[in-house]
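Trainee: I am new to this structure. Please show me how to read its features.

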Amino acid sequence: MKKAIITGITGQDGSYLAEFLLKKGYEVHGIVRRESFEDENKLKNIIKIKDQLILHEGSLNNHLSVYKIFSKVLPDECYHLSASSFVSYSFNDEFQTINDNFNSTHYLLSTIKEVKRECKFYFAGSSEMFGEPNISPQTESTPFNPKSIYGISKVSSFYLLKNYRNKENIFACTGIMYNHESSRRGRQFVTKKIISAAVKIKKGLQKEIYLGNLDVKRDWGYSPDYVEAMWKILQIDVADDFIISTGELHTVRDFLDIAFTYLGLEYKKYVKIDQRFFRSAEKTPLCGDSSKIRKKIGWKNRKNLTSIIYEMIDNELKLYKKV
């Protein structure tokens, strides 16, 4: 039986990946912070499969903690999904973001080198690594040009990984993932904010929603589809890096229209523009060309944005039925 260890196992992607690997017959381990063990709400995404998982209390910012867990588990695959992931263009909390994201990647790679060199390593990259690209759609050869500390931390981790792959012969891959959604999306993201507000407005619990630029475009995919891509990337013979995306662009306005229309509402009646949330549209939008992973691995995204939004709304509506 293969053993896999997941960082960020309680998050959107980590929980779907855990379910996916369990179905594949893996023994699945997760590194979880102490506060998550003490607050069951933080385990809500994995609560149904918790008894099938082996969770380890530890900190990714503590090299010794990582080393001890790896020495005990000796995993065949490691999926590094944990990160300070909320993109802040104002460079708030820049030291914590850099330290959390870069150091955790470094500790994991160095531990694999020392403990089990044959462990395959997946790193969750981001379209924010491209920041303000010079071309759209972006490919794996498009130059990185990050404009946020989060993007910078991901780029630095990418090059660290590449160094371990080339000089230490570690099987390490980066999946450069574009925006991907699901019913488990965190509430700090605009997509979940829209879904939650739309349902509350439908229920008469909220009157309006405040947003920024509605014309910002995003390449939105589906988290369970992207989780399958992660696994497929670690099954290839030679380690490589891949863009994971749909290659389709939609505006925030499109997202609003689909969500509110599904609930029988007209979004224009409820949306208020607030300059606090305003972000100027990119000159060159972040849109991924995933032809490499499609051709080399045979992966493809299956669920379109409309279906994703419907699923998110249906799940949000269920929360009110439980009350």
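Trainee: In which loop does Asn-45 lie?

Mentor: This is a predicted model, in which local features need pLDDT of at least 70 and side-chain atom pairs count only at pLDDT 80 or more, while totals for chains, interfaces and linings use all residues. Residues are numbered from 1 along each chain as its sequence is written, and side-chain values use heavy atoms, with hydrogens and water left out. Helices (H or I, at least four residues) and strands (E, at least two) are DSSP runs, numbered from the N terminus. Asn-45 sits in the loop between helix 2 (34-38) and strand 3 (54-57).

Trainee: Is Asn-45 buried or exposed?

Mentor: Buried means under 20% relative accessible area, exposed over 50%, and partly exposed in between (1.4 Å probe, protein chains only). Asn-45 has a relative accessible area of 15%, so Asn-45 is buried.

Trainee: Which residues does Asn-45 touch, not counting residues up to four places away in sequence?

Mentor: A contact means heavy atoms within 4.5 Å. With that exclusion, Asn-45 touches Thr-10, Gly-11, Gln-12, Ser-15, Glu-19 and Arg-184. Gly-11 is 34 residues from Asn-45 along the chain, and their C-alpha atoms are separated by 6.8 Å.

Trainee: How many helices and strands does the chain have?

Mentor: The chain has 10 helices and 13 strands. Helix 7 (residues 223-233) is largely enclosed by the rest of the structure, because nine of its 11 residues are buried. Among the buried residues are Tyr-226, Met-230, Trp-231 and Ile-233.

Trainee: How many disulfides are there?

Mentor: A disulfide is a pair of cysteine sulfur atoms within 2.5 Å. By this rule there are zero disulfides. Cys-119 is in none, and the nearest cysteine sulfur, that of Cys-78, is 5.5 Å away. Cys-119 is buried, with a relative accessible area of 1%.

Trainee: Why is Cys-173 too far for a bond to Cys-119?

Mentor: The closest cysteine sulfur to that of Cys-173 is in Cys-119, and because the two are 11 Å apart, they are too far for a bond. Cys-173 counts as buried, at 0% relative accessibility.

Trainee: What is the radius of gyration of the chain?

Mentor: The radius of gyration is taken over C-alpha atoms, and the globule rule is 2.2 Å times the number of residues to the power 0.38. For 323 residues, a compact globule would have a value near 20 Å, and the chain agrees with 20 Å. Along its principal axes, the C-alpha trace spans about 60 × 45 × 40 Å. Of the 323 residues, 52% count as buried.
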